[in-house]
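Have it open as you go.

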Amino acid sequence: MPVLFSYGTLQDEAVQRSTFGRRLRGVPDELVGFERSSLRVDDAAFVAASGKSDHAIVRFTGRSDSRVRGTAFEVSEDELARADRYEPAGYRRISTRLASGKEAWVYADARFC
């Protein structure tokens, strides 16, 4: 099963239920070599659903001392596709290795990937 690392809204139970139709089970982990930033989202529907226009995003730094805390979730391929549809413009799904050693997908800043 694919692993999806979330540091933002995909950790929220309401977002999980509306996106995946269930609450996901996850474990704490860290994204190494990235730093957290924010992105202004222009998608009106996404902003209305989330209640805000500024959202967390990660950018690659390559530095081992740069870490972002979050949650690693095991998801199905279908759920991964649903996550792709959920994320607004500006986010790009990339493969990475977490601090735990797990291979995972994460949505990062598309301008820096």
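1. One term before we start: a salt bridge here is a side-chain nitrogen of Lys or Arg lying within 4 Å of a carboxyl oxygen of Asp or Glu. With that in hand, look at glutamate 103 and arginine 97: they form a salt bridge, and their closest N and O atoms sit 2.5 Å apart. Keep in mind that this is a predicted model.

2. How exposed are the two partners? Glutamate 103 has 42% relative accessibility and counts as partly exposed. Arginine 97 also falls in the partly exposed class, at 48%.

3. Zooming out, how many salt bridges does a search of the whole structure find? The search turns up 12. I'll go through a couple more of them below.

4. Aspartate 54 pairs up with arginine 40, with 3.0 Å between the closest N and O atoms of this salt bridge. The pair ties together distant parts of the chain: aspartate 54 belongs to strand β4 (residues 54-60) and arginine 40 to strand β3 (residues 34-40), 14 residues apart. Aspartate 54 is partly exposed at 36% relative accessibility, while arginine 40 is exposed, its relative accessible area being 52%. Arginine 40 gets that label because exposed means over 50%.

5. Now try aspartate 109 and arginine 111, another salt bridge, where the closest N and O atoms are 2.8 Å apart. Is aspartate 109 buried or exposed? Aspartate 109 is buried, with 1% relative accessibility. Since buried means under 20% relative accessible area, that value qualifies. Arginine 111, on the other hand, is exposed at 56%.

6. Last stop, arginine 36, which you'll find in strand β3. Which residues does arginine 36 touch, leaving aside neighbours within four places in sequence? With those set aside, its contacts are Tyr7, Ala56, Ile57, Val58 and Val68.

7. One more thing about arginine 36: take a look at arginine 59. The two are 23 residues apart in sequence, yet their C-alpha atoms are 6.5 Å apart in space.

Notes
Residues numbered from 1 in each chain as written. Predicted model: local features only at pLDDT ≥ 70, side-chain atom pairs only at ≥ 80, totals over all residues. Heavy atoms only, no water. Helix = DSSP H or I, 4+ residues; strand = E, 2+ residues; numbered from the N terminus. Buried < 20%, exposed > 50% of the residue type's maximum accessible area, 1.4 Å probe, protein only. Contact = heavy atoms within 4.5 Å.
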